[in-house]
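Work through the exercises below with the sequence and the model at hand. Each task is followed by a stepwise solution.

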Amino acid sequence: MEAPPRLALLCLPPTIRKTIDAVRLRPNEKTPSPSRATASLFFFLQISSYFNKKITTKIKDLLQQMEEGLKTADPHDCSAYTGWTGIALLYLQLHRVTQEPTHLQRSLDYVKRILRNLNGRRVTFLCGDAGPLAVGAVVYHKMKNDSESKECVTKLLQLQRIVLASDSDLPDELLYGRSGYLYALLYLNTEIDPETVPQSVIKEVVESIIESGKNFSREERKTERCPLLYQWHRKQYVGAAHGVAGIYYMLMQPAANVERETLMELLKPSIDYVRHKKFRSGNYPSSLSNETDRLVHWCHGAPGVIHMLMQAYTVFKEDKYLKDAMECSDVIWQRGLLRKGYGICHGTAGNGYSFLSLYHLTQDKKYLYRACKFAEWCLDYGAHGCRIPDRPYSLFEGMAGAIHFLSDILVPEKSRFPAFELSPQMKENKEKRNS
């Protein structure tokens, strides 16, 4: 048996590291003795337990700090991005990882609070009413309260008229636009049942996003080069939060059921257009007109674009997309420990999710190792002189996001970027219903 892989050496006390060194192969030795092989396996298991225990302890510590800090948070911010829905989503995640009923109950407590304070100003999952309603529907479903769950779904579907209104100035991006509403619909169909939201509703929203992209591309005279083009605040952003990477990623989701012809003729050339904007470093610009290779965040740069590339590889089966995704991973590995903070949108936790996603896709332990090293950075929360965010305990800017990432390190095979990546449950649910 080989000595434990490098991944296993994370977070080790010096005494255990010395023991591991002792069981490595000596020069010219082809195989260790049985006793040494047993010792190697024993310490591998102990190391895994040690690392998991350290993460679990830190999660409990950060949760306590977060709850204390939230006493001074904005009582009117119900968003998933910086408000109370994000906290409900965190506890829903902790229940998924640990199966502890107290976490689900805590999520329900927050859901009840936010559903009393919807403002109706925005329609997306991250920054609007769609997030509270979708999370509420899922939490009530898990609590076996079907009537409350269906009421949340009904209210969510009523927002569609705003999304599809012909005179609407709604953008298409993820945080404030149609793609953010689309995510909420897909989230329900993957978390509850594939038929929770009718396919006809999803199709209308998808077609609205596609028509908007075609129209703007035509205005910019880029139909041949980039058939689907989008802008936000008069800029053609690239990243996941406000840009084309997030929109293309959402349109490529299996649950969106976009026709193959549309994927090939409109999405694929548009993705290739963005690929050609890559910097020599492997990073991506914040907008198509920006030539500054500076930002390495999920919202702007390689950590957001990598998800689009991985999904393109899954959909189109062409190695160029995986190659570019791996280049993004290298950029994030080199430049992704951010002084800006530990959060998800523009922090170390969000960057760490790119490694977990690439690990899912490739099963290459290198990416799991990288994710764990970014988790180690988060274990020393507050010790790096990072900037304190405006909403320091929130899901996408602050501590709740770091906790979410650390909890996913405990079950890396099932991890997913919150409010962005979707559960693979839709296929499983269909199989159950057909059996």
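**Exercise 1: a histidine in a helix**

At 14% relative accessibility, H95 counts as buried, where buried means under 20% relative accessible area, exposed over 50% and partly exposed in between (1.4 Å probe, protein chains only). The model is a predicted one, in which local features need pLDDT of at least 70, side-chain atom pairs count only at pLDDT 80 or more, and totals for chains, interfaces and linings use all residues. Residues are numbered from 1 along each chain as its sequence is written, and side-chain values use heavy atoms, with hydrogens and water left out.

Task: state where H95 is placed and which residues H95 touches, not counting residues up to four places away in sequence.

Solution. 
1. H95 belongs to helix α3 (residues 84-98); helices (H or I, at least four residues) and strands (E, at least two) are DSSP runs, numbered from the N terminus.
2. With contact taken as heavy atoms within 4.5 Å, H95 touches E100, P101, H103 and L104, once residues up to four places away in sequence are set aside.

**Exercise 2: the chain as a whole**

Task: find how many helices and strands the chain has, and what share of its residues is buried.

Solution. 
1. The count gives 17 helices and zero strands.
2. Of the 435 residues in the chain, 58% are buried.
3. Among contacts between residues at least 6 apart in sequence, 66% join residues at least 24 apart.

**Exercise 3: a helix pair**

Task: describe how α11 and α13 cross and which residues meet.

Solution. 
1. The axes of α11 and helix α13 (residues 319-335) come within 12 Å and cross at roughly 35°.
2. K268, I271, D272 and R275 in α11 meet K320, Y321 and D324 in α13.

**Exercise 4: annotated positions**

Task: locate the residues under the UniProt annotation "binding site" and decide whether C299 is buried or exposed.

Solution. 
1. According to the unreviewed UniProt entry, "binding site" covers C299, C345 and H346. Although spread over 48 residues of sequence, they cluster in space, with a largest C-alpha distance of 6.3 Å. Such annotations may be inferred rather than shown by experiment.
2. C299 is found in the loop between α11 and α12 (302-316), and is buried at a relative accessible area of 6%.
3. C345 lies in the loop between α13 and α14 (348-362) and is buried at 3% relative accessibility.
4. Leaving out residues up to four places away in sequence, C299 touches G239, A240, A241, C345 and H346, while C345 touches Y81, H297, W298, C299 and F396.

Definitions and conventions
Axes fitted to C-alpha atoms, helices over the stretch in contact; angles between N-to-C directions.
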